[in-house]
Amino acid sequence: MANGGDRPASAGDAGSPLAQRLNYLFANMHPPGAPYTNGHVAEEIGRGEEYGGVTLTEQYLSMLRNGKRANPSPDVLRALAKFFAVPVGYLMGDLSASQAERVEEEVRFLVAMRDQRVRAIALRSVGLPPEVQDSLTTIISQFRQQMNLPSDPPDAGGVERQ
């Protein structure tokens, strides 16, 4: 088991930031269809040299996700971060709250872009003048208001306009 100095977690660690962040990534960063399983992630990391030769078991990954283990080696964290394409600091807890929120906003953006209709709307606006893009944003906000939805989805705050 890849545990590099890991310690058993106390009973209160099930909601640890690492467990929460891993579960967030598992729930959101996956191909269309179904979330990754612990077994799939462990197997992919174990067979890929790009993950630094880390060996990770399905059981150990489960313990990280449920908070039973709370201090994996930096190599394990780097491999998981690489697999999910997030900064390692996100998993290590080295990012400020605003930086961690930015990572999660980017994840939500990628999730939204999985929807073919959302992607089609976004791609059709490419190349339009900024004032036309602003008009489209206003129209979408009006539709959202008519449907009693917030004018902007909760995760749109981090999307930059150019």
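This report walks through a predicted model of one protein, from its overall build to a few individual residues.

## Ground rules

The model is predicted, so local features need pLDDT of at least 70 and side-chain atom pairs count only at pLDDT 80 or more, while totals for chains, interfaces and linings use all residues. Residues are numbered from 1 along each chain as its sequence is written, and side-chain values use heavy atoms, with hydrogens and water left out.

## Overall build

Let's start with the fold. The protein has eight helices and zero strands, where helices (H or I, at least four residues) and strands (E, at least two) are DSSP runs numbered from the N terminus. Along the sequence this reads as α-α-α-α-α-α-α-α.

Of the 162 residues, 31% count as buried; here buried means under 20% relative accessible area, exposed means over 50%, and partly exposed lies in between (1.4 Å probe, protein chains only). The protein exposes about 10100 Å², and carbon and sulfur atoms supply 54% of that area. Accessible areas come from the Shrake-Rupley method with a 1.4 Å probe, and for residues only the protein chains shown count as cover. Among contacts with a separation of 6 or more, 61% are accounted for by residues 24 or more positions apart, a contact being heavy atoms within 4.5 Å.

## Confidence

The average pLDDT is 83, and 84% of the residues score at least 70; pLDDT is the predictor's confidence in each residue, from 0 to 100. In the protein, confidence is highest in helix 3 (residues 58-66), at a mean of 96, and lowest in helix 7 (residues 116-125), at 84.

Two stretches deserve a careful eye. Over residues 1-5 pLDDT stays under 50, and the model has 15 contacts beyond four places in sequence for them. Residues 9-13 also stay under 50, with seven contacts beyond four places in sequence.

## The annotated domain

An unreviewed UniProt entry carries the annotation "domain: HTH cro/C1-type" over residues 56-91. UniProt positions are given in the numbering used here, feature names are shortened, and annotations may be inferred rather than shown by experiment. In the model, residues 56-91 are 67% helix and 0% strand, and the end C-alpha atoms are 16 Å apart.

Ala85 sits in the loop between helix 4 (74-84) and helix 5 (88-92). Its phi is positive, about 60°, although Ala85 is not a glycine. Most residues other than glycine have a negative phi. Ala85 counts as exposed, at 64% relative accessibility.

## Salt bridges

How many salt bridges does a search of the whole structure find? There are six, each defined as a side-chain nitrogen of Lys or Arg within 4 Å of a carboxyl oxygen of Asp or Glu. Glu43, Glu44 and Arg47 are linked in a network of them. Within it, the closest N and O atoms of Glu44 and Arg47 are 3.1 Å apart. These two are separated by about one helical turn because they are three residues apart in helix 2 (residues 38-47). Glu44 is partly exposed at 24%, whereas Arg47 is exposed at 53%.

Arg102 has salt bridges with Glu105, at 3.8 Å between the closest N and O atoms, and with Glu106, at 3.5 Å from N to O. Arg102 and Glu105 both lie in helix 6, three residues apart, and Glu106 is four residues from Arg102 in helix 6, about one helical turn. Arg102 is partly exposed at 30%, Glu105 is buried at 15%, and Glu106 is partly exposed at 40%.

Glu101 is also found in helix 6 (residues 97-112), and it is partly exposed at 32%. Glu101 and Tyr90 are 11 residues apart in sequence and 9.4 Å apart in space, C-alpha to C-alpha.

Which residues make the nonpolar surface patch of about 390 Å²? They are Leu128, Val132, Leu136, Ile139 and Phe143. Patches are made of residues with over 30% relative accessible area and no salt bridge, with like charges joined within 9 Å and nonpolar side chains (Val, Leu, Ile, Met, Phe, Trp, Tyr) within 5 Å. Ile139 lies in helix 8 (residues 130-146) and is partly exposed, with a relative accessible area of 40%.

Asn148 is in the segment after helix 8. Phi of Asn148 is near 60°, a positive value in a residue other than glycine, and Asn148 is exposed at 71%.
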